[in-house]
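Subject: A structure for you to look at

Hi there,

Here is the structure I promised to pass on. Have a look around it before you read my notes below.

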Amino acid sequence: GASFPDTVVIADPHLVRVAAEAVIGHGTLISGHTTTRPRVFVQGPVDINHGASVGAHCVVWPGVAIGD
C-alpha cells in the first residue's frame, strides 16, 4: 500500500486517491478543495498514482495528478 507519516493531512478524503507504492513526505497537505480570488470555491479529484513520490511539506491542490 501507500506509505506516509501521520503528519500528512488529507482533506476531503473522498476526492483523494493514493495508489499502492506511493510515498508522501512529512508535513504534506493534500486537499480536494481550495478557494481562489475573488472567493471562488474550487473542488476536484487528486490522484497520487502508483509509485509516485511527493516530497516533504508539499501542498497538493484539486485537479492534480502526480505520476503515471
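A salt bridge, as the term is used here, is a side-chain nitrogen of Lys or Arg within 4 Å of a carboxyl oxygen of Asp or Glu. Please keep in mind that this is a predicted model.

By that rule, the count comes to one salt bridge. The side chains of D47 and R17 form it, with 3.2 Å from N to O. D47 belongs to strand 7 (residues 46-48) and R17 to strand 2 (residues 16-18), so the pair ties together parts that are 30 residues apart in sequence. Both ends are partly exposed: D47 has a relative accessible area of 25%, and R17 has one of 38%.

Three strands make an open sheet in the order 1-4-9, with parallel pairing. Strand 1 (9-11) and strand 9 (59-60) are at the edges with a single partner strand each, so one side of each has no neighbour in the sheet. Strand 1 is joined to strand 4 (residues 29-31) by three bridges. If you want a place to start looking, find I10, which stands opposite I30 in strand 4.

I30 also turns up in the largest nonpolar core, which has ten residues in all. Among the others there are V8, V16, A22, I48 and V60. In soluble globular proteins, nonpolar side chains tend to be buried together.

One of the core residues, A22, is worth a click. Leaving out residues up to four places away in sequence, A22 touches A2, S3, I48, N49, G51 and A52.

Enjoy exploring!

Best wishes

Note on methods
Residues are numbered from 1 along each chain as its sequence is written. This is a predicted model: local features need pLDDT of at least 70, side-chain atom pairs count only at pLDDT 80 or more; totals for chains, interfaces and linings use all residues. Side-chain values use heavy atoms; hydrogens and water are left out. Helices (H or I, at least four residues) and strands (E, at least two) are DSSP runs, numbered from the N terminus. Buried means under 20% relative accessible area, exposed over 50%, partly exposed in between (1.4 Å probe, protein chains only). Two strands pair if DSSP finds at least two bridges between them. A nonpolar core is a set of buried Ala, Val, Leu, Ile, Met, Phe, Trp, Tyr and Cys residues joined through side-chain atoms within 4.5 Å. Contact means heavy atoms within 4.5 Å.
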